[in-house]
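Hi,

Here's the structure I promised to pass on. Have a look at it first, and then read my notes below.

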Amino acid sequence: MNSNANQGVTDEANQTNVAEATTNAGVTQYSTLQEALNAKNVTSVKLLKDTRENVTIAKDKNITLDLNGYTLNGGTVSQKPALMNNGTVVIVDSSNANAGTIKREDTPKTGAYYTIQNEGTMTIKAGTVNNNSGQTPPKWAGSSLIANSVKSGSNAVLNIEGGVISQDNFIAVKNDEYGAVLNITGGTISSKTQAVQNWATANISGGVLTGAITTWTYDNTSATTTVTGGTIKGEFQAVKYGKDVTNVNKPVVKIQQGNTGTVPLISGSFEVGVHNTQDFKPTEGAGEVSVSAGYFTSNPNEYVASNYYVVQSDKPEYTYMVTNENPGKAPVITTEEVSATVSKDFEGKEEDKNAVNSLLTSKAPVVNGVSDVLTDTGKNAILNAAGVTDDEKNNANKPIEIEIKAEVEVVQADLQNNELTFEVTPVAKVTVNGQDKQKEVPVNNSYLNGQEIAVKLPVPTDFTVKEIVHTSDTAATEYFHETGNKTFTLKDGYAELSISHFSTLKLSDKITANSGSGSGGATVKLNPVYRAYNPNNGEHLYTVDEKEYKHVASVGWDAEGVAFMAEEEKNGQALYRVYNPNSGLHHYTLDEKEKNTLVYLGWHDEKVAWYTSKKPQSAPVYRVYNPNDGNHHYTMNKQEKDVLVSYGWQDEGLAFRTAPIEK
């Protein structure tokens, strides 16, 4: 037996039967895989043991190679793949466990070479192919895991129909420039860098590919990648290697429907650019990308072919899909994300604030489904508020995106006493054909259809939750318990519940409502506070006097309905109202000294306007001041407050709290 460790010695030193070859003369066992592959008139070879070899299939061979659950290990031999194919080979694995493997043992610190090199026709139906070659930038070095058509004139064909092909730090499958054809119809291919690098012709119609799909050309070569199916989790790159971006030999990427109606599922973006030395630079015109089918997580509209359109996906995992059906007007596509912070108006100890910051870093809140429950009326209101024109709404070639961001803030915490309060505020950002409208729009509860939105709130370790009190920006209140009509669950460090409106969610170990009732225990008489708007001076008037409200509405004020709820006198805190006869503006304050000072300066004392809530769990009402006209504005909507501040109003913090009402 040959004692060279890389020329046929099996892992079991005393075993000589490494492989068997089937020929027209029958079945013969051999001490090395190479001997079996060299057998005269061989049609198939089966591994019988693991083996360390670097083997070659001759040009005149047409073989089925059955890994049979064993491993072909090419070691670290310089400039030799584990498997070199010059002929025709089909790789299968007949083992029940599908454990057959072809590999090398390179590391980022050793020299590297291909694990498989194909210069003939190869079909991979099963088996695992792996190596640990490569270093990612800033030092980009390594060797492709599988290389197709490295030699000039070989015109090799590589068909990947199955198997698991993976290499973390360098290219998994390289289809080189010498007339190569790569067909991927199945299997799993993964790399943290490039799953596929194509320099010639690549057709992808199936499989699961994780990593970039790159199409490269030199000034004097051409390459086309056509994608008609499969699941791709990575960026598409069309890369011109060189400086001449005007050259006709540009890399081409076509994403289109397959002959049988298949379309690709793509989680990734697109990049077109130039690669000089070690740097990739996005460059317009360096490559050609055409999209006429598929589902996407990133908007492909820049690359969509003529007479095709980007619309809202009908698959929940993907945001966009491409269709040839003209929508007739600009498609409105909704997306969503979540941000989590500790409020700048946080109420609590510094140590609790730090603990909450750590909590949000380790376990991000989750809010799912806001974009799904937006009504058409709500979407249109958002577009109008963002300044989208009618012309933009009617242009089917320029999709409009509404990104709903659920801003989750922790506004209060007393962790020692098991109290933690979140405020969830949805805001919308609008883009038209990728161009931002420079205005965030508050998403009012009136824009929602009342269907449920899933919320997961992180809970500190050793924090006890027995009740979640949910107060919306209309002051409606729901009580959630672990059993009853309104329920939450504790799972994996989160409190999970479903709500249909926003904004405040208070977690505590105290039950303040009848268990499972979804309502408070005591009945409290509440009175509505009405709001009216004067279009002449921009003032909002607040009053519990329905007659006053109806009177100002009859003389030209806009009646805006119920703004807050007032407590009974015995349960509440007095809120004073004063009137400035010079400006015609009203002012509201809990501070009796402030009220008296203004009266001393000539304001009219209009006494107690109504009684506000003393309860810390009641909904906050914020006050902002316009330094240009002296107006104060009061709102329960934190996002409305923040938007006004961004326009130059001054944030005066919490004005008062409003009494909740049962939903």
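This is a predicted model: local features need pLDDT of at least 70, side-chain atom pairs count only at pLDDT 80 or more; totals for chains, interfaces and linings use all residues.

Let's start with Thr-319. Thr-319 sits in the loop between β32 (309-312) and β33 (320-323). Is Thr-319 buried or exposed? With a relative accessible area of 19%, Thr-319 counts as buried, because the cut-off for that word is under 20%.

Three strands make up an open sheet in the order β46-β45-β47, and the pairing is antiparallel. From one strand to the next, the twist averages 25°. If you want to trace the pairing yourself, β45 (residues 527-533) and β47 run antiparallel and are joined by six bridges; Tyr-530, for instance, has Val-562 in β47 as its bridge partner. Helix α5 (residues 546-554) packs on this sheet and touches β45, β46 and β47. The direction of α5 makes about 15° with that of β45.

Last stop, helix α6 (residues 592-600). Asp-591 caps the N-terminal end of α6, with a side-chain oxygen 2.9 Å from the backbone nitrogen of Lys-593. After α6 comes Gly-602, which has a positive phi, near 115°.

Cheers

Terms used: Residues are numbered from 1 along each chain as its sequence is written. Side-chain values use heavy atoms; hydrogens and water are left out. A polar contact is a pair of N or O atoms within 3.5 Å; within protein, one must be able to donate a hydrogen and the other to accept it, and residues adjacent in sequence count only if both atoms are side-chain atoms. Helices (H or I, at least four residues) and strands (E, at least two) are DSSP runs, numbered from the N terminus. Two strands pair if DSSP finds at least two bridges between them. Axes are lines fitted to C-alpha atoms, for helices over the stretch in contact, and angles run from 0 to 180 degrees between N-to-C directions. Contact means heavy atoms within 4.5 Å. Buried means under 20% relative accessible area, exposed over 50%, partly exposed in between (1.4 Å probe, protein chains only).
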